[in-house]
Amino acid sequence: MNSDFDVIVIGGGAAGFFAAINIKSQAPDAKVLILEKTGKLLTKVLVSGGGRCNVTHNAASQSALSKAYPRGKSFLKKAFNQFWVPDLMEWFEKRGVTLKIEDDGRMFPNTNQSETIANCFLKEAQGKQVQINTRETVERIAPMNGPFLITTSKTEYVADQVVMASGGHSKLGHLDYVSPLNLSLQKPYPSLFTFNLPGHSIRELKGLSVLDAKVFIPVIKESWQGPLLITHWGMSGPAVLVLSSICAKQLGELNYSFEYSVDWLPDVPREELVLNKSKKQIQNHKPDAIPQRLWMYLLDEARVAHTKKADELSKSEKNKLVELIKNHLFQAEGKTTFKEEFVTCGGIDLDEIDVKTMQSKQHPGFYFAGEVMDIDAITGGFNFQAAWTTAYIAAKNIALRLNEKA
Ligand SMILES: Cc1cc2nc3c(=O)[nH]c(=O)nc-3n(C[C@H](O)[C@H](O)[C@H](O)COP(=O)(O)OP(=O)(O)OC[C@H]3O[C@@H](n4cnc5c(N)ncnc54)[C@H](O)[C@@H]3O)c2cc1C
């Protein structure tokens with residue numbers, strides 16, 4: 001049995017590295033070990049943001065930032081008091097990494113390369129003598145009346161403080177290794193996905209994007225307004241992705257079979273949609289915000305001849321067109337993973353965790369960081385920010401305990 005380490009961090013991902021480095025920054029003599037089950041470190045950091053690593057998001061306030069988290073909103077609002085976007089910028093700046101803000105608020109390293117972030121962490125961990133064991137899976141953690149017994153695929157360790165940063169997973173079995181701790185768990189569901197429309201003719205418009213549409217799921221009574229993209233398998237774009245995140249659990253329970261509607265002109269009320277007061281052919285009389293290809297498609301769906309004069313539309317043709325513009329119904333069957341960024345909701349129930357320290361309420365000395373908790377966000381750098389914030393708080397408190405003991 002190995003009792004050489006003060007702190008054992010489970011997971012060599014974003015949260016695990018950020019926790020280990022920050023423990024060593026504040027308690028340099030601490031002996032810290034990261035255990036990573038795969039042969040690779042910081043895998044998601046490297047692939048994130050299309051290889052550019054969208055590290056965080058520029059937000060006006062901590063409260064505005066917390067609104068991006070369908071799970072964890074009020075928990076993180078309190079956590080951001082301790083570490084948020086300006087603190088992260090300063091943290092990287094001190095280590096020679098400058099972050100830039102894009103027009104939509106997403107923040108990336110100036111180099112546009114995720115390696116910049118991964119290399120910064122690897123250099124810091126090495127310089128601070130964090131020990132890292134790869135290909136060593138944590139199989140069981142049991143409380144020992146104070147310290148914890150950690151059984152891995154290779155050996156056993158005893159440590160006073162443990163950081164659980166093993167990330168999200170679509171199956172609860174991923175967390176079986178902590179079952180002796182009796183933690184309450186939330187069922188996981190994937191978040192951030194696009195809606196499939198198998199066999200639907202709208203897919204012929206693949207590649208077409210609409211700047212502002214409102215997507216509404218009646219059975220859940222949730223909607224989101226924003227850009228929408230038609231793809232060869234269905235619909236994507238921010239309006240769909242954000243809604244998939246907000247409704248991740250409910251859509252999982254519906255097995256991704258649900259009806260939704262699209263309002264192609266969300267800011268124009270029905271009564272202001274005057275389609276038949278023109279001598280122009282209806283194909284040349286489209287509302288400005290509707291792309292021409294979509295307009296032709298809507299005319300076909302409403303069975304209106306493209307060359308018909310607008311003022312000759314019958315009442316039922318006009319009503320059918322208005323209905324399609326304002327309440328176009330679709331039946332989603334299945335989902336497709338969004339390749340740029342995806343996460344799972346569910347994991348460790350937030351009621352288990354003291355937000356001030358990220359420590360288990362049941363097991364002092366046991367901490368949580370990152371996606372392993374029931375926290376997830378919409379796309380845009382928010383998921384990493386949750387990992388940095390929670391890892392930083394855990395590290396601060398671990399270092400405090402170590403320094404008190406010394
Ligand atoms: C393709 C993709 C792109 C993304 N892009 C972005 C982005 O640009 N911006 C953003 O904010 N978010 C992004 N995300 C989400 C973000 O990557 C995650 O939210 C974040 O990585 C979570 O960090 P984590 O450390 O909690 O978990 P992870 O990064 O998943 O790390 C957990 C680590 O623990 C290890 N592990 C698990 N179980 C054990 C065990 N029993 N023993 C030992 N080790 C174990 C795993 O192998 C893994 O290395 C993206 C996600 C994906 C999949």
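Trainee: What volume does the largest pocket have?

Mentor: Keep in mind that this is a predicted model. The lining of the largest pocket counts 41 residues. As for the space itself, the volume comes to about 980 Å³.

Trainee: Which element gives the most to the lining of the largest pocket?

Mentor: Look at the elements that give two or more residues to that lining: α1 (14-26), α2 (43-51) and α11 (382-405). One of them supplies 6 residues, the most for this pocket, and that's α2.

Trainee: How many residues of the lining of the largest pocket are charged?

Mentor: Lys44 is among the residues nearest the pocket's centre, along with Gly13, Ser166, Gly167 and Gly168. Across the lining, take 15 as nonpolar and 17 as polar. The charged ones number 9.

Trainee: OK, on to the second largest pocket. Which element gives the most to its lining?

Mentor: That pocket holds about 590 Å³ of space, and 28 residues line it, with Pro238, Val242, Ile378, Thr379 and Gly380 closest to its centre. At least two lining residues come from each of α3 (62-66), β14 (222-230) and α7 (238-246). The top contributor, with 4 residues, is α7.

Key. Residues numbered from 1 in each chain as written. Predicted model: local features only at pLDDT ≥ 70, side-chain atom pairs only at ≥ 80, totals over all residues. Heavy atoms only, no water. 1 Å grid on protein atoms, 1.4 Å probe; cavity = no way out; pocket = protein on both sides within 12 Å on 5 of 7 lines; lining within 4 Å. Points joined across faces, edges and corners; volume = space filled by probe spheres on them. Nonpolar A, V, L, I, M, F, W, Y, C, P; charged D, E, K, R; others polar.
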